[in-house]
Amino acid sequence: MRSTNARRRDGVYRRITRAIAVALAPAAWLVAPGRARLTACQWALAARFPAEDLGGLTAATRAAFEAARTEALWRDGELIGLTSGYRHPLEQARLFHRAVAREGSVEAAWRHVLPPHASRHVAGTALDIRPTEGARWLERHGNRFGLYRTYDNEWWHFEHRPDGRPVRLPHPGFSGVGAAGTDRR
């Protein structure tokens, strides 16, 4: 459970970020007529999440994410930040090997981190979202943008699946077989 101070702090961040977006909207309209809300949102969120890197995401994933977070900010005053998006295969391999060492086996590591060949982060279609309220918003409304939470044990992990809602899996390494005999991992 989050502390009262953390909730209060996040509320202040939400109000300040939205105020920045509102203040920047006229300049955004001059720079990008027809896309002013998106542009002002991008500028305001860049100030709130300066280390965020959207590079490497597929064009469709990036567009869906930016549309979702723009709606979240303007309609509901909710912030959606990106902790991790695209990962280079070597970075994903390093994370996986670290998980193997921590968990004690490859099988146990698969419950938390996937190797590069299986990771949608490497494909540029996975998003690790913050803060928790932003992830909750995305879980409620993300389907309109083709963004879905895919694992029960990772409240922060969403994937761009424009073809429709994937089966929610218990964890990344789940290897059940679906009704049609297909691998659901």
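Start with the whole protein chain and its radius of gyration (taken over C-alpha atoms; the globule rule is 2.2 Å times the number of residues to the power 0.38). A compact globule of 185 residues would come near 16 Å, and the protein chain has 18 Å, which agrees. This is a predicted model: local features need pLDDT of at least 70, side-chain atom pairs count only at pLDDT 80 or more, and totals for chains, interfaces and linings use all residues. Residues are numbered from 1 along each chain as its sequence is written, and side-chain values use heavy atoms, with hydrogens and water left out.

Show the C-alpha trace. Along its principal axes it spans about 55 × 35 × 30 Å.

Switch to cartoon. You get 7 helices and 4 strands (DSSP runs numbered from the N terminus: helices H or I, at least four residues; strands E, at least two). Follow the sequence and the pattern reads α-α-α-β-α-α-α-β-α-β-β.

Next, select residues 74–152. The UniProt annotation, from an unreviewed entry, is "domain: D-alanyl-D-alanine carboxypeptidase-like core"; such annotations may be inferred rather than shown by experiment. The end C-alpha atoms of this span lie 28 Å apart.

Colour by burial. Of the 185 residues, 45% are buried (under 20% relative accessible area, 1.4 Å probe, protein chains only).

Finally, select the charged side chains: Lys and Arg as positive, Asp and Glu as negative, with His and the chain ends not counted. There are 29 positive and 18 negative. The centres of the two sets lie 5 Å apart, each charge being placed at NZ of Lys, CZ of Arg, CG of Asp or CD of Glu.

Technical notes: Buried < 20%, exposed > 50% of the residue type's maximum accessible area, 1.4 Å probe, protein only.
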